[in-house]
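This report describes selected helices and sheets of the structure shown below. It takes up strand pairing and helix packing in turn.

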Amino acid sequence: MGQKTPQIYSVELNGAKDMKQTDKGDDKDKYRGLWSTCLELRKNHHKEHVTKEIDLDDHKLSNKELENKYHTNIVTGLSSTQAAELLARDGPNALSPPQETPEIIKFLKQMVGGFSILLWVGAILCWIAYGIQFSNDKSSSLDNVYLGTVLALVVILTGIFAYYQEAKSTNIMASFSKMIPQQALVIRDSEKKIIPAEQLVVGDIVEIKGGDQIPADIRLLFAQGCKVDNSSLTGESEPQPRSCEFTHDNPLETKNIGFYSTTCLEVSISPVGTATGMVINTGDRTIIGHIASLASGVGNEKTPIATEIEHFVHIVAGVAISIGVLFFIIAVSMKYRVLDSIIFLIGIIVANVPEGLLATVTVTLSLTAKRMAKKNCLVKNLEAVETLGSTSIICSDKTGTLTQNRMTVAHLWFDNQIFMADTSEDHFKQTFDQSSGTWASLSKIITLCNRAEFRPGQERVPIMKRVVVGDASETALLKFSEVVLGDVMEIRKRNHKVAEIPFNSTNKFQLSIHKTDDPTDKRFLMVMKGAPEKILEKCSTIMVNGQEQPLDQSTAEAFYTAYMELGGLGERVLGFCHLYLSADEFPETYSFDVDAMNFPMSNLCFVGLLSMIDPPRSTVPDAITKCRSAGIKVIMVTGDHPITAKAIAKSVGIISANSETVEDIAKRLNIAVEQVNKQDAKAVVVTGMELKDMSEDQLDEVLTSYPEIVFARTSPQQKLIIVEGCQRQDAVVAVTGDGVNDSPALKKADIGIAMGIAGSDAAKNAADMVLLDDNFASIVTGVEEGRLIFDNLKKTIAYTLTKNIAELCPFLIYIIVGVPLPLGTITILFIDLGTDIVPSIALAYEKAESDIMNRKPRHKKKDRLVNKPLAVYSYLHIGLMQSLGAFLVYFTVYAQEGFRPSTLINLRVEWEKDFVNNLEDSYGQEWTRYQRKYLEWTGYTAFFIGIMIQQIADLIIRKTRKNSIFQQGLFRNKVIWVGIASQIIIALILSYGLGSITALNFTMLRPQYWFVAVPHAFLIWVYDEVRKLFIRLYPGSWWDKNMYY
Amino acid sequence: MAALHEKKSCSQRMEEFQRYCWNPDTGQMLGRTLSRWVWISLYYVAFYVVMTGLFALCIYSLMCTLDPYTPDYQDRLKSPGVTLRPDVYGEKGLDISYNVSDSRTWTNLVHTLHDFLEGYSPAAQEDNINCTSNKVFIQESFGAPNHTKFSCKFTADMLQNCSGLQDPNFGFEEGKPCFIIKMNRIVRFLPSNTTAPRVDCAFLDQPKDIQPLQVEYYPPNGTFSLHYFPYYGNKAQPHYSNPLVAAKLLNVPGNTEVVIVCKILAEHVTYDNPHDPFEGKVEFKLKIEN
């Protein structure tokens, strides 16, 4: 928070002055932008919000008028009964979460989405078929009713399952957001009470300390030296002063209103250390509540994986329906009864629809979501798990995400030398040369000229994590000196402070006068820090190697060079100087008067410069490199200064070391910016001002022509424009954000990523994912997981699709050739929902085949989840081989029982006649209907086992798409073997355990039949290894194009 | 995402589809150039030829392992099924009803029996030998011509009154119909070792108000002579014909529907499989109107 206070220590470089001038105008634009966004949204969504105009005049009222308006008393506050009544009337002071789809709708959606429709059609056809049968023949068997019921059950159960999974992941989120209940200090019944902020009502008098979140929209009644961070509302990170005066007609700009969810940064210690305000709006009626509810109007984009699954469902449904209809026509033209043809149609649909797949996908996604949660990526929407993987542009915030969100000393300049300080988060060990005498003086100034203090009782906390009372810069200095010098408080005690001038924006310096810790030295030490140029003005000497030297032209130049250099790094630079007051002029008893300034303010001794920055997180540069090698463009979008933004961008690698902006080139070649060939520049820094004047096309051009882009000083609304611009490039855009103002952009993005620590609830609500540690590096983990899951889903789908053909062929052969039905519909369900479930989930555990992070993100329109080669290879290659293998088992069983293949052909009609009880087989034996039926079920079991055995091979080959299985390691993924074991065990139970239950149509199968398909299984494996070998040998070849999925 | 959901007009779609079918710029038809199509077709032809060949090879070797005379497994045929002639099926199983006085209602039934017994005429049985032993007829060697085994003759006249020779109407017109019971063939199946299997017909649930069913069996005692067993399969015994038993029901009550069950009583024949109504027995409904 508030790492930027340019009116204090401004970086007056390279036209930073212009920047400051435009800032003033910019602020208004920011608000205007915000509201125009709202208006725009309003246009799109004529909801109840339309009537809710901001109608706030409380800032214009006097305290008395306010008291009357809200029936309250500034001193005694509301009475508890009044408060209870108001709470009952207005509801709790909390943002109501965005309107949830009713649970029942969510549930029904699961019931009709995807394949469910096809299965419903199948079930209804079953019932219709039974109805027709029943009307013809009262005694017809109930098989069709059972099948229909089973299909309906399958749909309902998978629906319930998916719903449950979805609900579970939503619940994680819900529990998360309730973790930290906010408290508020309120005056009620003349007593100060701490109550949950949710119970605040209008008219309540609240007290706010520095560091508190403002618990509702309040009108300030008493505030001294109050500053607030409105960044969650406006995106502007500069602290805003707040007082009780009415300064502006616009409630958003007047100083006497504090907004809900913004943070109060500081309040002057004297006289009370708190600001008092009256609650004027609560909950959804607050400004932030309005924005949040409007943001929820931005439509949720369909996730890429949802699009992919839909595409996949279309393919499968297309295949199912076209084959179904084709064979319906064939069956009818082959003089089958229409009723039989309908039953065939059902069979074909059932065979074609991978009933278990959607459940599998859900499980797979939630497994990944869990894994990501462990790595601090909390996924709200299961489908978003994959979105991160296909992300091609990340629009990242700077503060907190890329940086540590705390000022840290980065550089020092003394003895004409720049020293680097360690800015990493944890191992805070300073390694620069500390032997110089100058450092001794400088360190003393740093320690003494500082009002920040550690909160007591934190001795055991690591220095960098301790809580400090004081502003960001002073905190940084305090921590820095604590690390370097040890106990700062002790040093301060030893150098007793006798006078002090705190910082103010007119002086731009801070000063204090101390007794020294050297008992022999009776002189006072005056220490001072402030804006470097102001400090230098007051100096006549400069300390070099511990010796004071006159400040001549060359040293001054050296100073400016260093100042420019540090400023150019985007760092906030401070100058330090001191003066030992002569003991004669200022004896021990001398009384310093800070108002009269009865001490010298010139001819001081300049000691050094120190610069601070909110340093990048140490993991970020590596993460950015990874993103870059993964083909993901990282765009920085920040409200911060272009210079700081660019510096951070450079240090984290968003702008890589050797790329230049147009301005850089101009500077290097010493030519005007206009003369530079824009093609040469790889990087660009676009400010909000420039962006405002850009047309859509110009923005598109910027987005496409520069690989490295930084947007600085942007308003929240511009963030939305940038996101839309990226999406016009067909990119999958991830947006990080924390403020309420970010919520439209978070929603608009393909995947919105909210910060778990810094993020507001509204941002978390709008986001699809929450980074629990606010760390950009976690996004990279997420990208990796997302890409892995996409690859693995491909494998799962390929695995599942393969056996569809093996399930379909029996029907086709049955219809055309007239053999007894090789595979029953119920048996198909047992494959789809029984043996195949665990293995297909197991594929989710497969490790990446190769450098998953070294390839480009998938193109969302070209790289489909289910592409032509995948479908063709699964259906026409492996699927076909599998069918042949399964048919071999089937024919073997029939042949060994007496029916040779030649006899089976065209046997169907006789075979299925209930009153033929002496059907002859190839040996002349005669079979009753039941004996044949039992043999048919044995055939089902055999075919089932045949498919199951070959699915084991299929599972193994699907572990990789390109590498040999032996490269991938056959045993590395243990879950695959659990899957194989589950397949075999389920099959064993079905065949031997339930063999006597005829309702399921399984029979005991001779053990040797389990091995008939094994050679085929090996054939599948070998064929696939050959395929992969050629893909590896001839990348880009005809083979690669047709066989790589 | 927005672009993905852009609605395309029909003509645009048609144009795209046309371009997909034939793209003049690249010479692609349906996404491939002609030569690519040829290549891919060749690949698939080759692939399928090889796969079909492999499958044929598998089936061929499967056939090679099969014994031409005896099936490998007969676990589904532990006990033979039994069938009845005439066989008219109703909603639930065999259902025979006719009117004695209306010949049209039974001529079809009689016809069925005649047709069925055609296979048992002396001419049809010419190739079979006469057996009289009444013991199981074990033949280990292929003694018959053309490397076959002998089959015993069963001619229609063995059914005497129910042979259709003496009474061409099989007793239907007098209300005492003949039913022919046939046991299914099972290779190498022996109904029993010593005593011949016997047919026993009775009412399924003996009604209280009527007498027990009286039946005249042909051949006498309703037995299948043991010399018809075992059956060696259609390759070893191409002319084998199942032995038959005819049951002439003498006291079927008129104008009421009765359920009659004919069981085969033999050591190795079971008739109590709850799932299979035709194993070792045959049930039928009978209603004779006067």
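## Pairing of E5 and E8 in chain B

In this predicted model, strands E5(B) and E8(B) are joined by five bridges in the antiparallel sense. Within this part of the structure, Ile181(B) lies opposite Val245(B) of E8(B). The helix H3(B) packs on the sheet and touches E3, E5 and E8 of chain B; the direction of H3(B) makes about 40° with that of E5(B).

The sheet is open and consists of four strands of chain B, in the order E3-E5-E8-E7, with antiparallel pairing. E3 and strand E7 (215-218) of chain B each have a single partner strand and stand at the edges, so one side of each has no neighbour in the sheet. On average, neighbouring strands of this sheet are turned by 25° against each other, direction ignored.

## Helix H3 of chain B

Helix H3 of chain B comprises 15 residues, 104-118. From its first C-alpha to its last it reaches 22 Å, close to the 21 Å expected at 1.5 Å a residue.

Which residues of H3(B) are buried? They are Trp106(B), Leu109(B), Val110(B), Leu113(B), Phe116(B) and Leu117(B). Viewed down the axis of H3(B), these buried residues fall within an arc of 120°, so they line one face of the helix.

## The eight-stranded sheet of chain A

Chain A contains an open sheet of eight strands in the order E10-E28-E27-E26-E11-E23-E25-E24, and the pairing is mixed. Its edge strands are E10 (377-379) and E24 (683-687) of chain A, each of which pairs on one side only. From one strand to the next, the twist averages 20°.

Strand E23 (residues 633-637) and strand E25 (residues 708-712) of chain A pair in the parallel sense over two bridges. Met636(A) stands opposite Val710(A) in E25(A). Helix H19 (residues 642-652) of chain A packs on this sheet, where it touches E23, E24 and E25 of chain A. The direction of H19 makes about 145° with that of E25(A).

How values were computed:
Residues numbered from 1 in each chain as written. Chains lettered and ligands numbered in written order. Predicted model: local features only at pLDDT ≥ 70, side-chain atom pairs only at ≥ 80, totals over all residues. Heavy atoms only, no water. Expected span 1.5 Å × (residues − 1). Buried < 20%, exposed > 50% of the residue type's maximum accessible area, 1.4 Å probe, protein only. Arc of directions from axis to C-beta. Pairing = 2+ DSSP bridges. Axes fitted to C-alpha atoms, helices over the stretch in contact; angles between N-to-C directions. Contact = heavy atoms within 4.5 Å.
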